[in-house]
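Subject: Structure handover

Hello,

Here is the structure we talked about. Please have it open while you read. My notes follow below.

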Amino acid sequence: MKALILAAAVAAALAGCTTQQEIRRPGGQAEHLIACGASTGWNVCYAAANKQCPAGYTTLSEKAGFNRKELRVVCAGS
């Protein structure tokens with residue numbers, strides 16, 4: 001039973017590890033900052049970017065730090 005509770009807690013933590021923030025750039029273009037947990041793969045950040053920008057996106061930067069990974073993108077056509 002403890003293993004099941006632990007597995008559920010880990011799954012919940014991984015599911016909630018991605019945050020997104022919209023930043024308005026000079027000129028009005030929207031930039032998206034997607035932050036993922038440091039222990040997750042980049043694929044989690046890329047999946048969040050694909051969900052945020054279904055028509056595609058341009059990567060502005062990728063940074064991996066001790067606490068998190070950050071992906072900055074601009075959606076295509078915005």
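Start with Glu 70, which counts as buried at 16% relative accessibility. Here, buried means under 20% relative accessible area, exposed means over 50%, and partly exposed lies in between, with a 1.4 Å probe and protein chains only. This is a predicted model: local features need pLDDT of at least 70, side-chain atom pairs count only at pLDDT 80 or more, and totals for chains, interfaces and linings use all residues. Residues are numbered from 1 along each chain as its sequence is written, and side-chain values use heavy atoms, with hydrogens and water left out.

Glu 70 sits in strand β4. Its side chain makes a polar contact of 2.3 Å with that of Arg 68. (A polar contact is a pair of N or O atoms within 3.5 Å; within protein, one must be able to donate a hydrogen and the other to accept it, and residues adjacent in sequence count only if both atoms are side-chain atoms.) Setting aside neighbours within four places in sequence, Glu 70 contacts Leu 33, Ile 34, Trp 42, Ser 61, Glu 62 and Lys 63. Contact means heavy atoms within 4.5 Å.

Now the overall fold. The protein has two helices and four strands. Along the sequence they follow the pattern α-β-β-α-β-β. Both kinds of element are DSSP runs numbered from the N terminus: helices are H or I with at least four residues, strands are E with at least two.

The four strands form an open sheet in the order β1-β2-β4-β3, with antiparallel pairing. Strands β1 and β3 (57-64) stand at the edges with a single partner each, so one side of each has no neighbour in the sheet. Neighbouring strands are turned by 20° against each other on average, direction ignored. Strands count as paired if DSSP finds at least two bridges between them. Between β2 (residues 30-37) and β4 (residues 68-75) there are six bridges, in the antiparallel sense.

Helix α2 (residues 42-52) lies across β1, β2, β3 and β4, and runs at about 25° to β4. Axes are lines fitted to C-alpha atoms, for helices over the stretch in contact, and angles run from 0 to 180 degrees between N-to-C directions.

Next, Ile 23 in strand β1 (residues 19-24). Ile 23 is partly exposed, at 26% relative accessible area. Beyond residues up to four places away in sequence, Ile 23 touches Gln 29, Ala 30, Glu 31, Leu 33 and Arg 72.

How many disulfides does a search of the whole structure find? It finds two. The cut-off is a pair of cysteine sulfur atoms within 2.5 Å.

- Cys 36 and Cys 45: the sulfur atoms are 2.0 Å apart. Both cysteines are buried.
- Cys 53 and Cys 75: S to S is 1.9 Å. Cys 53 lies in the loop between α2 and β3 and Cys 75 in β4, so the bond ties together parts 22 residues apart in sequence. The S-S torsion is about -60°, so this disulfide is left-handed. Cys 53 is buried at 3% relative accessible area, and Cys 75 is buried at 13%.

With the bonded cysteines numbered in sequence order, the pairing is 1-2, 3-4.

Finally, buried residues make up 26% of the 78 residues.

Best wishes
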